[in-house]
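Below is a report on how the parts of one protein model pack together. The sequence and structure come before the text.

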Amino acid sequence: FISTTNNSEYLLRKEELLACAEDYFDELPPTSIIAQSPENGSLAVEFICIPGLQSDELIHKKNEVGSWLVIQHDRMKMVIAVGAGDANESSDILSQSDSAFRQLKRVLQEEGMEFSDIIRQWNYIEQITNTVDHDQSTSQHYQIFNDVRSKFYQQSNFRKGFPAATGIGMDFGGIVIDIIAVIFGKEDSIVAIKSPVQLDAYSYTKEVLAENNFMKDFCRTTPKFERAKLIITPGNKWIFISGTAAIIGQSSLIEHSVGHQTEMTIQNILSLISTENLQKHGIETNKKASISYLRVYVKYASDIQQVRSICLKYFPQLPI
């Protein structure tokens, strides 16, 4: 996560940071550079660490447009990859979104996977709520992205539900998509977890969708993600929680204070992973689900301290 003032600076810093990272890794893992100002300073680095793997279980792959990581462990095959548009001054969100999804489609195809094998997805969208004028009409960045996502997703059969996903804005950088895709053995299972208080995003009505007049043949579709995905193996249960906001039903509580929104967001998460809600999905467990990590997105820097204090009240020992 970096602080930057325009796309030209973003591209320069991205190139510098990736070159620097390559000095520290024999094989650079899939890496995203997100133009979203961190809380302190101009740079924050986050790693995904997977303990217990042997070196021969990790395979680094690359092609002319990017690199990805394949993990082959017992019956599990996991792919970690990044899809990104070309964030130059002349690229629009439509072409950026199309480029990012095409990159991911190619990676998945090379690994014998489909979009339906993605269990967790992070969608970073430049100026997410901004609009662009086109042919005397207005189109929203996020709605354009959603419609491109729907276009690619319709190529797969999501029998086990859509991915758990986060859609979040960034200052610059066009489109960046991070994914974790998994194929398991027969003894393992994947369950889409629905929220007891929120409507499925893919069931939203038209009244909460924005305009998209860029794509005459494919527009105003719903966001395609689950509120969470539960992964069950003989030894573990993992919950991937989607990006969660102060939304009840399909209504965003934008008129409420940032404190109220933070409290509501946390309650939405706790309701989602409660033992009662998991049992409704046929998940028998005698152990309460625990959260191991949080990433918190705050729109205004002036609100960070208040949001932090509320998060620490609920999760005093958690890395946030």
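## Packing of α3

The buried residues of α3 pack against α2, β4, β5 (131-134), β6 (137-140), β7 (164-170) and β8. Contact here means heavy atoms within 4.5 Å; buried means under 20% relative accessible area, exposed over 50%, and partly exposed in between, with a 1.4 Å probe and protein chains only. Helices (H or I, at least four residues) and strands (E, at least two) are DSSP runs, numbered from the N terminus.

Of the 13 residues of α3, 11 are buried, so the helix is mostly covered under the cut-off used. Among them are H141, I144, F145, V148, F152 and Y153. The end C-alpha atoms of α3 are 18 Å apart, which agrees with the 18 Å that its 13 residues should span at 1.5 Å a residue. The expected span is 1.5 Å times one less than the number of residues.

## Basis of the model

This is a predicted model, in which local features need pLDDT of at least 70 and side-chain atom pairs count only at pLDDT 80 or more, while totals for chains, interfaces and linings use all residues. Residues are numbered from 1 along each chain as its sequence is written, and side-chain values use heavy atoms, with hydrogens and water left out.

## Nonpolar cores

A nonpolar core is a set of buried Ala, Val, Leu, Ile, Met, Phe, Trp, Tyr and Cys residues joined through side-chain atoms within 4.5 Å. The largest one has 29 residues, and V79, F101, F115 and I177 have the most contacts inside it. Two or more residues each come from β2 (66-73), β3 (76-84), α2 (93-110), β4 (118-126), α3 (141-153) and β8 (175-183). The largest share, six residues, comes from α2.

Leaving aside residues up to four places away in sequence, F115 touches F101, L104, K105, L108, F152, Y153, S156 and F158. A second, separate core has 27 residues, including A35, M78, I190 and F240.

## Strand pairing

Two strands pair if DSSP finds at least two bridges between them. β4 and β7 are parallel and share seven bridges, with E126 opposite M170 in β7. Five of the seven residues of β7 are buried, so this strand is largely enclosed by the rest of the structure.

Five bridges join β10 (residues 228-232) to β11, and K229 stands opposite F240 in β11.
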